[in-house]
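Please keep the sequence and the 3D view at hand.

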Amino acid sequence: MRDLSAGPRVLLKRLRELMAEPLEPQERLDRIVRQIANNMVAEVCSCYVLRSDGVLELYATEGLNKDAVHLAQLKMGQGLVGTIAASAQPLNLSDAQAHPAFRYLPETGEEIYHSFLGVPILRAGRSLGVLVVQNKAQRNYREDEVEALETTAMVLAEMIATGELKKLTRPGLELDLTRPVSIEGDSYSEGIGLGHVVLHEPRIVVTNLLNEDADKEIRKLVEAIGSLRLSIDDMLSRREISMEGEHREVLETYRMFAHDQGWVRRMEEAIRNGLTAEAAVEKVQSDTKARMMRLTDPYLRERMHDFDDLANRLLRQLTGFSSQSMAEGLPTDAIIFARAMGAAELLDYPRGNVRGLVLEDGAVTSHIVIVAKAMGIAVVGQAAGAVALAENGDTAIIDGDDGKVHVRPVADLVKAYEEKVRLRARRQEQFRALRDVEPVTKDGKRIKLQMNAGLLVDLPQLSESGAEGIGLFRTELQFMISSTMPKADEQENFYRSVLKQAEGRPVTFRTLDIGGDKVLPYFRGHEEENPALGWRAIRLSLDRPGLLRTQLRALLKAAAGAELKMMLPMVTEVSEIRAVRELMQKEVQHLSKFGHQLPKKLQFGAMLEVPALLWQLDALMNEVDFVSVGSNDLFQFTMAVDRGNARVADRFDVLGKPFLRILRDIVRAGERNNTPVTLCGEIAGRPLSAMALMGIGFRSISMSPTAIGPIKAMLLALDVDRLAAGLNAALDDDAGLVSPRDLLVQFANDHEIPV
Ligand code: PEP
Ligand code: MG
């Protein structure tokens, strides 16, 4: 038998010529398999391609019965070929028939062949098909032959990815790569978007697969790995990175991978087999990914992402790819797909071009989601595998209402969603028509509707939504999207712009609410076991008075001559409010001493988010000018459910008796003490729960700007006194079995209230 390694290089050279020839796809594929068979001295070479229905179809063969082409087929996981595709691993057998998965396909006449070597045709870790060689004699294929066949499979992966083989599919069938897929995730921000996929970290497409000079390519690779290692060392030595924590851990993992000799060796081998340096990186990346994708251990899966990132860095280095060029060609209907993403990165995209955001990770309260929500962008989170399943430019639909993502949707689905979008637009139009209508209930109660904000991009929504003011301005967002701590004058300028754009409408600034899940990259405390119960918000501000005083001064200066409304997050004891007041007094004195103009009125409030305050309600109301209920946190702490943990966050009902009773006690304390009470958590923006709030006595709420219209529509149809009578009776009835939610739904139905 001839030495099979006569050469992968010769084979690839021949394939390169075949790829360049003007041939029909079937002819090209037939010649490719013939070439492989010849070169590998195999009696058979066959190529199977995965269809969207999970079937592997024989697309070309040299050696098996040619009449079986496009007829012989195996299901994913079935037979040797199906096993290879499902496991994304090669099979190297000296006696194929003895393998338990062997399945005889009579139409191919393959029983006379004993040895079998099959490799998956991979792209980004996904199996697109299987390439097989067979011999009559029993033999074991050598490692370098396996490697050579895998390298050859890359050429076929490219043919499939470029759509060339699509032309060979029979009518009514399609290839797996172009198969429509639906991904179930979680709804993080409502809205529906139809558009085109933009991979936040674009997959680098290697077009130059086959090398002319292996030594030159190896030098290129070694050089690129050298600079990659240096850049990681450089990142690790930078001072901004604290000595502990997740960020460092990731970089250490990168360093470990970058110095992994096995990785480098595998890439060098692929180059020796004929690939360019970049194609070798891609090949080894794809093989590793395919293997690691099957891991279920979350820690190891995370490491897979690290490895993938690292390989991408290397690819960028070798191809000179810059993401800049991507931004230029951004479609006007972009649906961004990312594994994870920082809030600032989202703001780098032109707002007008973004219709949705799909995240593989993330939690509903993560920074990026807060920012996306504020910008009115639909977000689906926990969309497993989304990035690998989508290609740049694919059509896609994001359904932020139901937490679904559809990639390459079929025409009927597109039509259904277009209809949904039209309906939504019509509803929005109706809500817009309500913009200047006063929010007065059917029985004449005037309700104050304000919006939540945190960035300058939110401000135009003030007049568009018809909100009366900003009931919650989350000042930490400016800090979260900045790479360094905003300086005193930056804070002051920012607050001044907010007040200017609010054009006299009231703005309630909340002092820094960092800590917990709101982490600043440049300001790290110690790792905490329970960050939600840890060093955060007002606690952190009181322990770092310099930080708080800078912010207070910036607020006082920005509101010179106007009214300043501010409130404190996460207050637990009334004494904390007093402590901040004292600091505030010092700032006022300081500013007056240096002749600065002060705000003409100062309103000082507290957020009610910690249950301990429920037993200090009168003392609290005595201490402040107003109270704002942060129902997101108050619910989290009352029910002991982590608001960011999807498994428990919705376990208990916010409209259940316990929580509604608590909220009612707060309103009553406000009435008793003549202290205005408002509520700015998520429930204010949902019509049914906002209706409940009215029923228990709230007359002021603050919500995301897109909710103002639907809430106003609900209010206009609501007879509050009537609802209050029934709801209060149900809440007072200890033994009553009717849940307040059922009662509310019934009431809305009976009175045709849009909820
Ligand atoms: C809340 O807790 O309800 C609230 C409005 O604050 P945040 O969501 O910013 O914690
Ligand atoms: Mg809160």
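**Around the ligands**

Strand S16 (470-474) and helix H22 each supply at least two residues of the shell around ligand 1. Helices (H or I, at least four residues) and strands (E, at least two) are DSSP runs, numbered from the N terminus. H22 gives the most to this shell, with three residues.

A word on the ground rules. This is a predicted model, in which local features need pLDDT of at least 70 and side-chain atom pairs count only at pLDDT 80 or more, while totals for chains, interfaces and linings use all residues. Residues are numbered from 1 along each chain as its sequence is written, chains are lettered from A and ligands numbered from 1 in the order in which they are written, and side-chain values use heavy atoms, with hydrogens and water left out.

Back to ligand 1. There are 14 residues around it, and Arg474, Arg510, Glu609, Asn632 and Arg643 come nearest. A residue is near a molecule if one of its heavy atoms lies within 4 Å of it. The shell divides into three nonpolar, four polar and seven charged residues. Here Ala, Val, Leu, Ile, Met, Phe, Trp, Tyr, Cys and Pro count as nonpolar, Asp, Glu, Lys and Arg as charged, and the others, Gly among them, as polar.

Now look at polar contacts (pairs of N or O atoms within 3.5 Å). One oxygen contact of ligand 1 is with an N or O atom in the side chain of Arg510, at 2.8 Å. An oxygen atom of ligand 1 is also 3.1 Å from an N or O atom in the side chain of Asp633. A polar backbone atom of Gly630 lies 3.4 Å from an oxygen atom of the ligand. Taken alone, ligand 1 exposes 290 Å², and the protein buries 99% of that. These areas come from the Shrake-Rupley method with a 1.4 Å probe.

Which residues coordinate the magnesium ion (ligand 2)? They are Glu609 (OE) and Asp633 (OD), at 2.0 to 2.1 Å. The pair links distant parts of the chain, 24 residues apart: Glu609 is in the loop between strand S19 (601-608) and helix H21 (617-623), Asp633 in helix H22 (residues 631-639). Donors are N, O and S atoms within 2.8 Å of the metal (3.2 Å for Na, K and Ca); water is not among the atoms, so sites may look incomplete.

Are these two residues buried or exposed? Glu609 is buried, with a relative accessible area of 2%. Asp633 is buried too, at 3%. Buried means under 20% relative accessible area, exposed over 50%, partly exposed in between (1.4 Å probe, protein chains only).

Next, two loops. Gln382 sits between strand S12 (378-381) and helix H13 (386-389). Its phi is near 55 degrees, a positive value in a residue other than glycine. Gln382 is partly exposed, at 37%. Glu503 lies in the loop between helix H17 (488-502) and strand S17 (507-510). Glu503 is not a glycine, yet has a positive phi of about 45 degrees. Glu503 is exposed, at 64%.

Last, the cysteines. The structure holds zero disulfides (pairs of cysteine sulfur atoms within 2.5 Å). Cys45 is in no disulfide; the nearest cysteine sulfur, that of Cys47, is 7.7 Å away. That distance is too far for a bond. Cys45 is buried, at 0%, and Cys47 is buried at 0% as well.

Step back to the whole chain. The chain has 28 helices and 22 strands. Of its 755 residues, 54% count as buried.

How values were computed:
Polar contact = N/O pair within 3.5 Å; in protein donor to acceptor, adjacent residues only side chain to side chain.
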